[in-house]
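This briefing is meant to be read alongside the sequence and the structure. It takes up a pair of packed helices, then the nonpolar core, and then the chain as a whole.

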Amino acid sequence: MTEGIAPDRIVPTSTLAPKGRTGRLRGSLSVWPVISVVIALLVAVPVLVVGGHVFQPAGEVWRHLASTVLWDYVRNTLVLLLGVGAGVAVIGVGTAWLVTMCRFPGGRLFEWLLLLPLAFPAYVLAYVYTYLLQSGGPAQIALREMTGWRYGDYWFPEVYSIEGAIAMFALVLYPYVYLLARAAFLSQSICVLEVSRTLGCGPWRSFFRVAIPLARPAIIGGVTLALMETMADFATVQYFAVNTFTTGIYRTWFGLGDRVAAAQLSAVLLALVLGLLLLERLSRGEARYHHTSGRYTHISQVQLRGWKAALAALACALPILLGAVLPAAVLLEMHLSVGDPYFGSRFIGYAVNSFVVAGLAAVLAVILSLLIAYGQRLKPSALVRGAARVAALGYAVPGSVIAVGILIPLASFDNALDGWMRSSFGLSTGLLLSGTIVALLYAYVARFLAVSLNAVDAGLAKVTPSMDQAARTLGKGPGRTIWQVHVPMISGSVLTAGLIVFVDVMKELPATLIVRPFNFDTLAIRVYSLASDERLEQAATGSLAIVLVGMVPVILLSLMIARSPAGRAAVRPIRKGRVPKDAPFPVP
């Protein structure tokens, strides 16, 4: 209580620290932003190296690309982004709203089942549906046997198309939107929707003009994550023969051997990403969406019955069926009927390699994210914020480009050190960093730091600054404050960040393919090698292993959400009678 104390008598927080510690506290406070900037710049080195090649003069390869295939890259990438963005938004927001606001058979089960497709890489789904839907696949064979038709007598959707790629990405990436949208809906007070009803808004108008705007930052965040994953994917679009910037960069760099032209294509891709983000910001204009009341009531779920309940259950079941259940069943059948001939002890090695590098990368990404985010918290200057944003650009860059951006400086360092050791001591050090686990982890952290940084930064933003001030009065320095105060308070955000990075690393292919040490194979490498040789049934074993290993963090994430305050929030169903006509939210 400060009642009766004059403002000029309030003692500064720093003076309340024990004698002899004030100077050290101030010194450590100034060091943390520097640490944050240094880490961010080190993580951003691959992007900066690639970007540095843009200023080199354009060669014949770039002029050839600009006159022949550049427009195809732009058009296909934009079509892919528009299709995937619309797909993940509709599926993610729709299912999140149903399981949050409505009560129907299986609704509680769908809450965590809807996360299952997150464990499936898009390229695994591409292999599964290619096997199912190709002309010699089970679906068309069964159709011809039932009808007596021959191939060419009927129309069948072509899986090797941009529409097929859009479907694959939408089925595996919508959980990003579902997760964030459901969390946003759970945090909204039903009072807000009830007020909109008193102002004359109908259920659907309240949904689009109140609930969606309040959840807009979360929805946009989920869609942006999905689009970043889409632009960075290589295996799926290459397998479906869709020419995008990602495939163009890979072919230009490793096929034509022109890193300058590949870097210039990467710059165009980065410009496209920044343009999309700027377009979303401009479309928002001056509008701001805030909760204006601290009063929250329990969400009253509407009990759906009859065809409405069946329709809601079907809407939630279809993404699970097409994105997880059917692919898993097909993979299991392919594994049992044919499978990988080397299945056994060698697969334990693949799984261990994948699990170890994914776990190490997740831990490193979370620790570095904490350091960067805490540096911004202590000194949110333009330099610190700008460095963090540059470090986060790696998520929008294909893994192959990140890999090359790492190999160039590491190879230069190894060669320089080896030359100096030869000239000074007559010894050769060889390659100390290139082609090692260190280089591979560097690639993973540079690629996925943005994922963990966003989650950690959002968690820290919810911690009131008074907690920092209280820690200072007790003589805690910044290091002890973050580990003893902030980390326990944001443990949910930290765990979420680590789990998402773990899943992403398990599915990452281009960076692993290029940077991995000699004779270091992961499950993703094994699957890609077999699928490239059109041995889809043999690739099913590795694909199934990736899914099973990736399923563990997804289940943990589901349990964590269920035990969180939002997940434990009481939900009061409307059991008796029909759905009220003045329900403050739309129902099917």
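At what angle do helix H15 and helix H18 pack, and how far apart are their axes? In this predicted model, helix H15, which spans residues 345–378, packs against helix H18, which spans residues 437–461, at an angle of about 50°, and their axes lie 6 Å apart.

**The H15 and H18 pair**

- The crossing in which H15 passes H18 is right-handed.
- Sorted by class, the residues in the contact of H15 with H18 comprise 20 nonpolar, two polar and two charged ones.

**The nonpolar core**

- The largest nonpolar core contains 164 residues, and within this core the residues with the most contacts are Phe 104, Phe 110, Tyr 123 and Tyr 127.
- Helix H8, formed by residues 162–187, gives the most to this core, contributing 16 residues.
- When its neighbours within four places in sequence are left aside, Phe 104 is in contact with a set of residues that includes Leu 98, Val 99 and Phe 110, and also Gln 303, Leu 304, Ala 309, Ala 312, Ala 313 and Cys 316.

**The chain as a whole**

- The protein chain has 25 helices and three strands, and of its 588 residues 49% are buried.
- Among the contacts in the protein chain with a separation of 6 or more, 83% are between residues 24 or more positions apart.

Methods: Residues numbered from 1 in each chain as written. Predicted model: local features only at pLDDT ≥ 70, side-chain atom pairs only at ≥ 80, totals over all residues. Heavy atoms only, no water. Axes fitted to C-alpha atoms, helices over the stretch in contact; angles between N-to-C directions. Helix = DSSP H or I, 4+ residues; strand = E, 2+ residues; numbered from the N terminus. Left-handed = near helix turned anticlockwise from the far one by under 90°. Nonpolar A, V, L, I, M, F, W, Y, C, P; charged D, E, K, R; others polar. Core = buried A, V, L, I, M, F, W, Y, C linked by side-chain atoms within 4.5 Å. Buried < 20%, exposed > 50% of the residue type's maximum accessible area, 1.4 Å probe, protein only. Contact = heavy atoms within 4.5 Å.
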